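Here is a set of questions and answers for someone meeting this structure for the first time.

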Amino acid sequence: MQIVTIFIINSKRQLLIQKRSHQKGGKYGITSGHTLNGENEKNGATREIKEELGINIRKQDLKEVFKTEINGVKYNLYYVQKEINLSKVSLQKEEVENVYWRTVEEVNELIQKNEFYEKQIEAFKIFEKYMKEELDYGNNSSMGHKQWM
């Protein structure tokens, strides 16, 4: 089994987070899901984004952040930089109640308030570190990384 988690980030360095539906626990989280039988990670990631948010993402635009395997389960973290008009998303209401742009600091506040989906906190922390180290998130003067151009 494979699980894909996709961080969508805009040019303002905000993350697209979901308010999960009541039947999915009602907490905030990141777009994520399981790949289908025989489906590769990038196909699974683009399918999950399309299913949950109604957004088309090209596989080649997904950047790998982290990959690991624990007890036979493969975990794949990706990010994509994309400007998305939130009024144009088409939510899968069984899974997603709403979506928001939030800063890393605001997501950390949700974690502190126990309002963020527990199973995704570690993935968020990995991505937060990646943003600082690889994407020059700590440099406020510019994005500082060619992938942002």
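A salt bridge here is a side-chain nitrogen of Lys or Arg within 4 Å of a carboxyl oxygen of Asp or Glu. The model discussed below is a predicted one.

Q: Which side chain of opposite charge is nearest to K19, and how far away is it?
A: K19 lies in strand β2, which covers residues 15–20, and K19 is buried yet has no salt bridge. A salt bridge would need a nitrogen and a carboxyl oxygen within 4 Å. The nearest side chain of opposite charge to K19 is that of E97, at 5.0 Å.

Q: Which residue has its backbone oxygen 2.4 Å from a polar atom of the K19 side chain?
A: Leaving out residues up to four places away in sequence, K19 touches several others, including K27, Y28, V96 and Y100. Also on that list of contacts is the residue whose backbone oxygen lies 2.4 Å from a polar atom of the K19 side chain, namely G26.

Q: How many residues does α3 give to the largest nonpolar core?
A: The largest nonpolar core has 20 residues, and those with the most contacts inside it are F7, L15, Y79, F116, F124 and F127. Two or more residues come from each of β1, β2, β6, α2 and α3. Among these contributions, α3 gives the most, and its number of residues is five.

Q: How many residues are in the other core, which lies apart from the largest one?
A: In soluble globular proteins, nonpolar side chains tend to be buried together. In this model another core lies apart from the largest one, and among its members are I8, L53, L62 and Y78. The number of residues in this other core is 18.

Q: Is I111 buried or exposed?
A: I111 is found in helix α2, residues 104–112, and, leaving aside neighbours within four places in sequence, I111 is in contact with F116, I121, F124 and K125. The relative accessible area of I111 is 16%. Because buried means under 20% relative accessible area, I111 counts as buried.

Q: Where does R13, with its positive phi of about 65°, lie?
A: R13 has this positive phi although it is not a glycine. With a relative accessible area of 12%, R13 is buried. As for its place in the chain, R13 lies in the loop between β1 and β2.

Q: What separates R47 and E51 along helix α1?
A: The side chains of R47 and E51 meet in a salt bridge, at 3.1 Å from N to O. R47 counts as buried at 15% relative accessibility, whereas E51 counts as partly exposed at 36%. Because R47 and E51 are four residues apart in helix α1, residues 41–53, what separates them is about one helical turn.

Key. Residues are numbered from 1 along each chain as its sequence is written. This is a predicted model: local features need pLDDT of at least 70, side-chain atom pairs count only at pLDDT 80 or more; totals for chains, interfaces and linings use all residues. Side-chain values use heavy atoms; hydrogens and water are left out. Buried means under 20% relative accessible area, exposed over 50%, partly exposed in between (1.4 Å probe, protein chains only). Contact means heavy atoms within 4.5 Å. Lys and Arg count as positive and Asp and Glu as negative; His and the chain ends are not counted. A polar contact is a pair of N or O atoms within 3.5 Å; within protein, one must be able to donate a hydrogen and the other to accept it, and residues adjacent in sequence count only if both atoms are side-chain atoms. A nonpolar core is a set of buried Ala, Val, Leu, Ile, Met, Phe, Trp, Tyr and Cys residues joined through side-chain atoms within 4.5 Å.
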